[in-house]
Amino acid sequence: MATKDSPDDVAAHWVAHIDRAPLTEQETQELETWLQADIRHKGAFLRSQAVWHATERAKALYTPTLAPFQRTQKPSRRAFMSAAVAASVAACVIPAESGEARTRYKTQKNILHCENTKQRQIVLDCYTQLEEKSEQTSLLMGQCFITDKHRCVRTQNLRFLIDGGLLLAKGSSYDNAVVVNGTATMQGHRLKERKHLSVGAQVTVTPQGRLHFSTVDQDTLARLTAWTQGQVSLATETLSEATDIFNRYNQKQLVPSFRLADMRLSGLFDLNRPDVFAQAVKAILGGRITEDAHHIFLE
Amino acid sequence: MLPNTERSHWLARYIVPNEHIVRSWLARFPDFEADDIIQEAYVILSEADISNVTNPVGYFHTICRNLVIRHYKKAQIVSVTAIADLQNDSLIDQTPSAEDITNARAELRFLEDVVQQLPETCRYVFIDRKINGYAQKDCARRLGISERSVEKRLARALVLISRFYGQREKAPHNTPTGLTRGNKRLS
């Protein structure tokens, strides 16, 4: 890569020289001349500077011989009393759990994190309805990702006791569930006995009402759950299919031209940034972007 | 647009640690130097509006890919195999797989290894300047050498570290470098 007097060599010398002391006027002129001589010189210099900054992280390797004295601070009396008062107020307002309590969540063009604790996580995809009761969680329509311990989760046709993460989908003619992490125990639906499912297990209730079991790999799991992170993972979908996905989540609608609609692309994209996706399409598939207040046209 | 120092830190954070991924992809085009493409790509990044870039490595790869296409268009003789490779890459994934996204701990481990591999003379200067945080003048006094020597050794260390970044492999035993297509790695 860097041979004697290669651009990398010269660039590194300039970076080290600048670190030693500010450049004189003459040196600034010399550097400028060298940078202008060849675009690769400028690239090598920018890269050297970036590597120099990247090595700043090495400071974390610093191990002082004498660790500075650290005082262990006890809370002041005032802080202690404030905390005690706050705790007593909190104790008064925490509602008692009721068997009748139920909460219904509904999303439109958005992803909703309705629970996000260490043990429990519920993320709703767009156009989803979910009902929470004290004893179980029911998905009424759409798609959700639930992580919990010993929790009963169900759709109209499927019922699970989960101990980990489950991706659950309910359409008009099918139900689908995938164990993303941990385990799940499936109950009901004419099963003679409970069925234990591990990571990657997928269960589908077909429109004919039949149960179909299959397994998905880690890559597919990551792709299926990308939306929970606000991302979409495309794996050679057509542009037409990809824009349909983006349009479900965004007010500004992507409109591909007839020429581009059947072209395919892969990649991980931010679901909430159709404009960035449009730029990627332009870069990868070629074409032109025009837009008005409500649409981005890909031509 | 980001100011220059901030941009350099952006390059240091997002591009330098993942540069090897694009470099290993560039290795399949034997008709020109990967270094030339990488250097030109840094120049384009230095002039682009990167404030809205959400996928820096993907963006960097796209720039390099466009440069490769431009080089082939200029070339008189073009390798048919290389063009076929390039056309297949129209579906290449714009994002490194999860294990390729550098986390702070892996980065620190990498730097620790790199420092250990530097020649002794460069290593002591690098440690004093970049880890212990002494100015070059103080490094010279502590090591009993001239400031000019400190500067030269630092420059040498920088060249070597640049080379390590370009050739790095996160887990040489089980993770082949290479880009991904869809969610599958390409060797």
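Hi everyone, let's start with chain A: 29% of its 299 residues count as buried, meaning that 20 or more other C-beta atoms, placed from the backbone, lie within 10 Å of the residue's own. This is a predicted model, where local features need pLDDT of at least 70 and side-chain atom pairs count only at pLDDT 80 or more, while totals for chains, interfaces and linings use all residues. Residues are numbered from 1 along each chain as its sequence is written, and chains are lettered from A in the order in which they are written.

Chain A has eight helices and 15 strands; these are DSSP runs, H or I of at least four residues for helices and E of at least two for strands, numbered from the N terminus.

Now, the interface. Here 50 residues of chain A are in contact with 49 of chain B, contact being C-beta atoms, placed from the backbone, within 7 Å. Which element gives the most on the chain B side? That is α9(B), with 11 residues. By class, this side of chain B has 19 nonpolar, 18 polar and 12 charged residues. Charged means Asp, Glu, Lys and Arg; nonpolar means Ala, Val, Leu, Ile, Met, Phe, Trp, Tyr, Cys and Pro; the others, Gly among them, are polar.

Let's zoom in on α9(B), residues 147–167, which packs against α3(A), residues 39–54, at about 90°, with the axes 10 Å apart. The two helices are therefore roughly perpendicular, a term for angles of 65 to 115 degrees. From α3(A) come A:Arg47, A:Ser48, A:Val51 and A:Trp52, meeting B:Leu158, B:Ile161, B:Ser162 and B:Tyr165. Five of these contact residues are nonpolar, two polar and one charged. Thanks, everyone!

Notes:
Axes fitted to C-alpha atoms, helices over the stretch in contact; angles between N-to-C directions. Parallel < 35°, antiparallel > 145°, perpendicular 65-115°, else oblique. Contact = placed C-beta atoms within 7 Å. Buried ≥ 20, exposed ≤ 12 C-beta atoms within 10 Å, placed from the backbone.
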